[in-house]
Amino acid sequence: MINNMLGQTVRIEAADPKHDGDKTTSKYALTVEDLNAWYGNLMVIQNISMGIGAQRITALIGPSGCGKSTFIRCLNRMHEVSEGGRVTGRVFMDGQDIYAPQVDPVSIRRRIGMVFQRASVFPTMSIFGNVASGISLARFWSRRRDLKDVVERSLRKAALWEEVKDKLDQPGASLSGGQQQRLCIARAIAIEPEIILMDEPCSALDPISTLRIEELMLELKKDYTVVIVTHNMQQAARVSAWTGFMLLGQLIEYAPTKEVFTVPKDKRTEDYITGRFG
Amino acid sequence: MTVKSNTASTVWARVGDKIFSRLTLFFSVLMAAILIALLIALGIDAWPAIQKFGLSFITSIEWDPVNEVFGALPAIYGTLLSSLIGLIIAVPISLGSAIFLSELAPDWMRRPCSFLIEMLAAIPSVIIGLWGLYVMVPFIRNPIEIWLGSNLGFLPLFSGPPFGVGFLSAGIILAIMVIPIITAISREAIVAVPVTQREAMLALGATRWEMITRAVLPYCRSGLMGGVILGLGRALGETMAVTMVIGNGYVLSPSLFSPGATIASKVASEFNEASGDLYIGSLIELALVLFAITLLVNIIARLLVWRTVSVRGTGE
């Protein structure tokens with residue numbers, strides 16, 4: 001049990017395993033404590049505390065501007081890259097606070113990968129080059145195995161291999177929107193992170209591509225912890241084990257997905273999922 | 001068509017539309033016509049020289065007004081050499097400062113620094129030339145050329161007496177004059193790289209340096225190239241400052257210390273005293289050669305930019 005600073009006590013662990021598709025719920029990949037974030041003087045995240053279970057999909061829903069994207073950007077220290085971005089609080093990964101002063105954000109981002117809203121393929125690189133771009137960053141040369149194998153494995157995991165195996169040397173930008181997004185996922189997987197953060201990965205995609213990405217997420221959770229931010233409540237309901245509802249920078253409710261969508265505890269959650277606002 | 005669309009005001013608007021489009025058409029055709037007329041007029045005036053020397057005008061190193069023998073090779077060589085020296089010095093400095101100003105500089109430095117660099121481009125070239133001649137050239141002669149001569153004098157590049165004025169001084173002056181152009185254009189190209197590209201690279205665990213070299217610079221390389229080519233265009237045609245510091249020799253020397261001439265400096269320093277159709281024609285033909293060189297550079301630049309853009313494909 002954890003107190004979420006709104007005076008409400010929120011369960012952060014599934015009491016009943018049947019709510020959760022996974023058996024491995026006993027371990028948190030990330031534990032967030034008292035996280036606050038600002039843009040300049042504007043506070044966009046207020047006192048969020050939550051545990052993110054390992055090897056399952058956690059979804060964050062909420063209306064536009066509620067801070068859900070900012071929140072997951074805090075999880076791999078990307079928020080501080082933004083102009084005026086500032087974070088206080090702690091995020092534990094394997095018992096280590098990733099915001100501790102001695103921690104290098106670069107090493108955190110290598111362990112916690114990220115997929116963005118708009119597929120950000122590197123346009124001057126080939127498909128192969130895009131997947132390899134993370135691995136071939138200079139200081140990973142010591143860990144670099146056969147690049148080809150890694151690229152193939154990553155593309156297979158991202159369910160893109162069959163479509164691109166004959167044209168790996170073509171520019172990454174020649175792919176369709178959905179393929180580009182899967183290419184970005186392959187690129188994120190290639191550096192073998194432990195956690196993958198996805199910031200509205202399907203919002204720019206057509207329904208077929210969206211379906212493929214969702215299937216992919218379900219596949220990925222076998223190996224990775226996935227956190228997804230989405231506007232699409234059906235999507236959250238389809239793929240996630242746990243769902244957090246955010247509003248105005250606060251985590252209003254955080255529970256197994258089925259509970260959030262069937263018996264929400266908070267009136268505001270109910271209003272949102274029944275379409276009364278947002 | 002509804003009745004409403006036939007009111008007087010819409011009819012008038014349509015006439016205005018037509019007048020406007022005709023007027024803009026006229027202006028653009030006029031500009032093209034001026035260019036063509038200029039070329040034809042230059043061609044006619046240069047005709048005596050073209051007829052007399054033919055292709056040997058480009059390959060000959062003679063420039064003898066008394067005997068009326070004219071060749072352009074030393075001037076072509078001087079133009080290309082001084083511009084090359086200028087670019088070799090200017091490109092690393094410009095790219096470095098563009099990267100610093102767009103990516104690394106603290107906020108309070110950005111604006112004043114870029115403003116000052118861009119102000120450099122606003123200084124009239126005669127002032128830069130004057131400064132070059134009285135301040136820079138003596139310094140280049142001693143210690144720079146003397147040091148280079150005594151330590152690296154075995155290279156043909158640094159052989160010969162240190163005059164101060166010469167290709168090296170011209171190249172350095174040109175570098176100073178093109179740095180602001182290349183810096184300003186490169187900085188804009190770098191700033192225009194989308195945040196998503198930077199963040200994508202950072203999210204893969206890249207350091208700032210890796211983000212710049214692997215995501216930012218490749219993304220905007222056609223813009224960077226455009227900046228360099230524009231700088232080169234200015235360097236090739238720059239006249240006043242170069243004329244003042246290049247020493248007005250007319251030789252084909254490998255030594256950077258040697259006084260020389262560029263096409264522009266040759267034309268500028270002799271048009272006043274030229275007499276006779278052949279002499280004037282030769283100067284004008286020299287101008288046509290410069291025109292051809294800059295045209296060629298621009299075409300190559302277009303091709304390079306076009307190629308990188310097409311490689312980039314449909315991506316953002």
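Me: Before we start, how are residues, chains and ligands labelled, and which pLDDT is needed for local features?

Reply: Residues are counted from 1 along each chain as its sequence is written, while chains take letters from A and ligands take numbers from 1, in the order in which they are written. Since this is a predicted model, local features need pLDDT of at least 70 and side-chain atom pairs count only at pLDDT 80 or more, whereas totals for chains, interfaces and linings use all residues.

Me: Let's begin with chain A. How many helices and strands are there in chain A?

Reply: Helices (H or I, at least four residues) and strands (E, at least two) are DSSP runs, numbered from the N terminus. Chain A has ten helices and twelve strands.

Me: What percentage of the residues of chain A count as buried?

Reply: A residue is buried if 20 or more other C-beta atoms lie within 10 Å of its own, exposed if 12 or fewer, and partly exposed in between, with C-beta atoms placed from the backbone. In chain A, 50% of the 278 residues count as buried.

Me: Could you show me one residue? Is A:I185 buried or exposed?

Reply: A:I185 counts as buried because it has 26 C-beta neighbours inside 10 Å. This residue lies in helix α6 of chain A.

Me: Which residues does A:I185 touch?

Reply: Two residues are in contact if their C-beta atoms, placed from the backbone, lie within 7 Å. Leaving aside residues up to four places away in sequence, A:I185 touches A:V115, A:A158 and A:L216. For a contrast in distance, A:I185 and A:S64 are 121 residues apart in sequence, and their C-alpha atoms are 24 Å apart in space. Over chain A, if you take contacts between residues at least 6 apart in sequence, 69% join residues at least 24 apart.

Me: How do I describe two packed helices?

Reply: Two packed helices are described by the angle between their axes and the distance between the axes. Axes are lines fitted to C-alpha atoms, for helices over the stretch in contact, and angles run from 0 to 180 degrees between N-to-C directions. Take α4 (residues 147-157) and α6 (residues 177-190) of chain A: their axes come within 8 Å and cross at roughly 130 degrees. That makes α4(A) oblique to α6(A); angles under 35 degrees count as roughly parallel, over 145 as roughly antiparallel, 65 to 115 as roughly perpendicular and the rest as oblique.

Me: Is the crossing of α4(A) and α6(A) left-handed or right-handed?

Reply: A crossing is left-handed if the near helix is turned anticlockwise from the far one by less than a right angle, and right-handed if clockwise. Here α4(A) passes α6(A) in a right-handed crossing. On the α4(A) side, A:V150, A:V151, A:S154, A:L155 and A:K157 meet A:A186, A:I189 and A:A190 of α6(A). The residues of this contact divide into six nonpolar, one polar and one charged. In this scheme Ala, Val, Leu, Ile, Met, Phe, Trp, Tyr, Cys and Pro count as nonpolar, Asp, Glu, Lys and Arg as charged, and the others, Gly among them, as polar.

Me: Where can I try that in chain B?

Reply: Look at α3 (residues 73-104) and α6 (residues 167-191) of chain B, whose axes come within 6 Å and cross at roughly 35 degrees. The crossing of α3(B) and α6(B) is right-handed, and the contact comprises 21 nonpolar, ten polar and two charged residues.

Me: How many residues does the contact between the chains take from each?

Reply: It takes 24 residues from chain A and 21 residues from chain B. On the side of chain A that touches chain B, α2 (105-111) and β8 (112-115) each give two or more residues, and α2(A) has the largest share, three residues. That side of chain A has 13 nonpolar, seven polar and four charged residues.

Me: What is the domain assignment of chain B?

Reply: Domain bounds come from an automatic or database domain assignment. For chain B they are domain 1 (3-46) and domain 2 (72-312), and 37 Å separate the centres of these domains, taken over C-alpha atoms.

Me: What should I look for in the backbone at B:E68 and B:P143?

Reply: B:E68 has a positive phi, near 55 degrees, in a residue other than glycine. B:E68 sits in the loop between β1 (63-64) and β2 (69-70) of chain B. A cis peptide bond joins B:N142 and B:P143, with omega about 25 degrees, and B:P143 lies in helix α5 (residues 125-152) of chain B.
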